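Dear colleague,

I am passing on the structure below for your own work. My notes on what was found in it follow.

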Amino acid sequence: MEEDALSKSDHRSVPERLHNLARNLWWTWNPQGQEIFRELSPLTWERSNHSAVEVLHDVSHIELAARLHDSDFLKKVQSVLVDFESYMESKDMWASRLATKFSGPVAYFSAEFGLHESLPIYSGGLGVLSGDHTKSASDLGIPFIGISLLYRNGYFQQHIGSDGWQQESYPRYDPLRLPLELVTEEAGGRLLNSVEIGHSAVYFQTWRLLVGRAVIYLLDTNLPENDQHFQSLTAHVYGGDVDTRIGQEIVLGVGGARLLRSLHIEPSVFHMNEGHSAFLTLELLREQIKQGKDFQEAQTVVNARCMFTTHTPVPAGHDRFSSELLEHTLGRFWSDTGLTHSQLMSFGRINTDDHQELFTMTVLALKMSRSANGVSQLHGEVSREMWKELYPNRNVDEVPIGSITNGIHTPSWATAKAHEFWNKRLGVDWTAKLMDAQYWSKLENGDLATDEELWALRTILRRDLVEFVRQRLRNQLLRSDADHTVSVDQALSPDALTICFARRFATYKRAPLIFRDLDRIIELVNHPNHPMQFVFAGKAHPRDTDGKRFMQRIVEISRHPQLAGRVVIIENYDMNVARHLVSGADVWLNTPRRPLEASGTSGQKIVIHGGLNLSIMDGWWREGYNGSNGWAIGEDSSETDLEIQDEKDSTNLYQALTEHVIPEFYHRNDHGIPVEWIKRIRNAMRFLVPIYNTDRMVAEYVTRYYIPR
Ligand SMILES: *Cc1c(COP(=O)(O)O)cnc(C)c1O
């Protein structure tokens, strides 16, 4: 068989093919692929936050050649290479039958992509969604190109000070140590493009990132050709002041469009994921006007090519720029097109006659797109309400903003042990059946997986989380000067009901809500027969002081003498920490202030691991909850008075915990199995796995939006 595999592939050597594999993020959703790189150098693998490129950098050609003489290892390597290469060459994909409907690739613009913990070009949920979208586009066989920026300093690394305050640091990444390749011209030199910002030409180079069959281009202004301050324009994810912000958005939108032109790529649709990239539409407009179209015709053409996904249900969350700033930074754009300043401003204004109104990127994106959507049904409703003034002749329910509910790339979020568990029971092709409700309905009874087996899985994954937390706490302790009362080896119990809360420390997510009645929680946590415990993680945006206060409050609580070791907080939430938490959690807690959680996705990641959601009726959970697959906190409604809302929600939360969650978890049969709990897990898997994934989500984008009707 191996002979076969070898002869089938071309004449490249195994080391060469392995280097190729390391430079395609396909391995990030293939546990065997990860295992190879880990095995090659466990220490480098750990130290580099699981980077295949770093591992191969550290393992010399001589060592690699020798290691491949180990026939067991060689066998594993070859099997992964064959899987990878046949994936890349496959002709039988979901979208194959649609191939003729795409006149060109989908160009997907996003300010961040969360693809893997070793590639820090994301800050949170929006980035993870973009990354998962890309991976499913690859799996489904959709022609797909992502556009973003290469952030040399990434997003910040978080440490917790002894005062509980968040500390931020920005390591500098070397693109040559990331799975990136510089895009060159046909003649061989580096491909250079530019945009105008104010009176300066700002040059950028481009890095190519391979994600299975999809490609992402990352634009990078760190070039000697640029003035010092433009060199660092793309240094940080959402870094700096408003000038940096608009500069980044010009590079992303205008630069991204110019890059595609210079590569002779003609997309069939431009998908703006959030408003950050909306200047793209101005560049497309400029092209049309230069070709002789009048302003109206030009707008019609641009409209027919663009679509827009909005993610933000809070007005303050939308980028807005002043008229002066726009004139100052985009001035050259005006002169080029013959448009007047107020014509240009009108694209970003709801009331085009109001000269005081700021320029809103979301308004620009909405005006320039053929279709737009929110990311859950409720968020669609909220968005229609929020932007109805743009459509004065329509009723609010006719505002042209639809919705597609977010999902996750399930194979990426399933841990190695979950993959193994399902491979054995469903067959290795379960990852290709994520949209098939019939297939997942097989989990209704114990034929495929018995209650005992599911409980064993839960118990193993909880143990893994406990050990991961202890290891992390030990490292945190080594670095901090705080005096800790509890030994890290006693932190958490592998048997206790484990509730996780991990997400950005944005205040609307209300991390401290569960501690509103602290005495109550102390009692519940320390109950002799049915204790519970909490793991927290999350970053606050560097400028979000209130968010940092929330985090500090959680740190204080984790140091409370009666809670220490039972309420813990882990530093530096990233995709790796997330993967441990979503697999180990018995319960995933979500307490946003409804309706501000546009969708949320973290709660979707737990389902394949047998976790259960306990959440406010907001975002995706409002659609996912069916009465028997997790728990709802409160009703599908909200109060206008925030204090009343908090009080109500916390009361409902305690009620759900004490009346349902805790009793069900600890109600065991003679064999120690919580039968009712497992039934709930089966219901969650059956009903949630086949819907809340990005295969379903991307397929919806294709049929409803990407392919013009
Ligand atoms: C999944 C994920 C998110 C998104 O979580 P929400 O439910 O939207 O809060 C954010 N950050 C990381 C690292 C994630 O893995």
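Helices H3 and H7 are oblique to each other, where angles under 35 degrees count as roughly parallel, over 145 as roughly antiparallel, 65 to 115 as roughly perpendicular and the rest as oblique. The model is a predicted one, in which local features need pLDDT of at least 70 and side-chain atom pairs count only at pLDDT 80 or more, while totals for chains, interfaces and linings use all residues. Residues are numbered from 1 along each chain as its sequence is written, and side-chain values use heavy atoms, with hydrogens and water left out.

The axes of H3 (residues 31-40) and H7 (residues 71-89) come within 9 Å and cross at roughly 140 degrees; these axes are lines fitted to C-alpha atoms, for helices over the stretch in contact, and the angles run from 0 to 180 degrees between N-to-C directions. Helices (H or I, at least four residues) and strands (E, at least two) are DSSP runs, numbered from the N terminus. On the H3 side, Gln32, Gly33, Ile36, Glu39 and Leu40 meet Phe73, Lys76, Val77 and Val80 of H7, contact being heavy atoms within 4.5 Å.

**Buried residues**

In helix H2 (residues 14-22), the residues Val14, Arg17, Leu18, Leu21 and Ala22 are buried, that is, under 20% relative accessible area, with exposed meaning over 50% and partly exposed in between (1.4 Å probe, protein chains only). They lie on the same side of H2, because they cover an arc of only 145 degrees around the axis, the arc being that of the directions from the helix axis to the C-beta atoms.

Thr410, in helix H17 (residues 410-413), is also buried, with a relative accessible area of 4%. Leaving aside residues up to four places away in sequence, Thr410 touches Trp430, Leu434, Ile608 and Asn693.

**Backbone points to check**

Tyr238, in the loop between helix H9 (228-231) and helix H10 (242-262), has a phi near 50 degrees, a positive value in a residue other than glycine, and is buried at a relative accessible area of 12%. Arg510, in the loop between strand S15 (497-502) and helix H21 (518-525), likewise has a positive phi, near 50 degrees, and its relative accessible area is 3%, so this residue is buried. Finally, a cis peptide bond, with omega about 0 degrees, joins Arg594 and Pro595, and Pro595 is found in the loop between strand S18 (587-590) and strand S19 (612-616).
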